[in-house]
Amino acid sequence: QVQLVESGGGLVQAGGSLRLSCTVSGSFRSINAMAWYRQTPAKQRELVARITSGGITNYVDSVKGRFTISRDNAKNTVYLQMNSLKPEDTAVYYCTANILRGGTWKSDYWGQGTQVTVSS
């Protein structure tokens with residue numbers, strides 16, 4: 001089995017910072033792209049940031065210049081550094097990864113989510 005475990009969410013004032021972490025554990029051969037999504041009750045889950053195994057990144061426009069995605073391949077961990085947080089960043093944040101297991105790449109591995117709340 002494969003597990004993705006997120007941590008680092010919480011309550012922060014507008015303008016503050018948080019750092020999310022997500023570690024992949026279990027039985028697998030390799031990890032390709034990793035990503036962070038977020039979801040609120042009023043909106044569909046949206047892609048926030050993505051990073052390939054080679055370190056190429058892309059971001060949704062609303063977080064460019066404020067959020068940074070990175071990864072530590074030795075630790076099977078992806079991070080999301082969130083600076084200059086805004087109330088509209090409030091959401092449950094999920095990590096996901098494209099994982100090679102049993103000879104097949106699958107992208108449907110998700111963490112349990114971590115709540116980020118930004119107060120105004």
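The side chains of Arg66 and Asp89 make a polar contact of 2.7 Å. A polar contact is a pair of N or O atoms within 3.5 Å; within protein, one must be able to donate a hydrogen and the other to accept it, and residues adjacent in sequence count only if both atoms are side-chain atoms. The model is predicted: local features need pLDDT of at least 70, side-chain atom pairs count only at pLDDT 80 or more, and totals for chains, interfaces and linings use all residues. Residues are numbered from 1 along each chain as its sequence is written, and side-chain values use heavy atoms, with hydrogens and water left out.

**Overall build**

- The protein has zero helices and 11 strands; helices (H or I, at least four residues) and strands (E, at least two) are DSSP runs, numbered from the N terminus.
- The order from the N terminus is β-β-β-β-β-β-β-β-β-β-β.
- The radius of gyration is 14 Å, close to the 14 Å that the globule rule gives for 120 residues, so the protein is as compact as a globular protein of that length. The radius is taken over C-alpha atoms, and the rule is 2.2 Å times the number of residues to the power 0.38.
- The C-alpha trace spans about 45 × 25 × 25 Å along its principal axes.
- Of the contacts with a separation of 6 or more, 55% link residues 24 or more positions apart. Contact means heavy atoms within 4.5 Å.

**Surface and charge**

- Of the 120 residues, 40% are buried. Buried means under 20% relative accessible area, exposed over 50%, and partly exposed in between (1.4 Å probe, protein chains only).
- The accessible surface comes to about 6300 Å², and 46% of this belongs to carbon and sulfur atoms. Areas come from the Shrake-Rupley method with a 1.4 Å probe; for residues, only the protein chains shown count as cover.
- The protein carries 13 positive and 7 negative charges, whose mean positions are 6 Å apart. Lys and Arg count as positive and Asp and Glu as negative, while His and the chain ends are not counted. Each charge is placed at NZ of Lys, CZ of Arg, CG of Asp or CD of Glu.

- Asp89 lies in the loop between β8 (77–82) and β9 (91–101).
- Its relative accessibility is 1%, so Asp89 counts as buried.
- Asp89 also has a side-chain polar contact of 3.0 Å with Arg38.
- Leaving out residues up to four places away in sequence, Asp89 touches Arg38, Arg66, Phe67, Ser84, Val116 and Val118.
- Arg66 sits in the loop between β6 (57–59) and β7 and is buried, at 10% relative accessible area.
- Beyond four places in sequence, the residues that Arg66 touches include Gln81, Met82, Ser84 and Asp89.
- Arg66 and Tyr94 are 28 residues apart in sequence, and their C-alpha atoms are 18 Å apart in space.

**Positive phi in loops**

- Most residues other than glycine have a negative phi.
- Asn76, not a glycine, has a positive phi of about 55°. Asn76 is in the loop between β7 (67–72) and β8 and is partly exposed, at 25%.
- Ser84 also has a positive phi, near 50°. Ser84 is in the loop between β8 and β9 and counts as partly exposed, at 39% relative accessibility.
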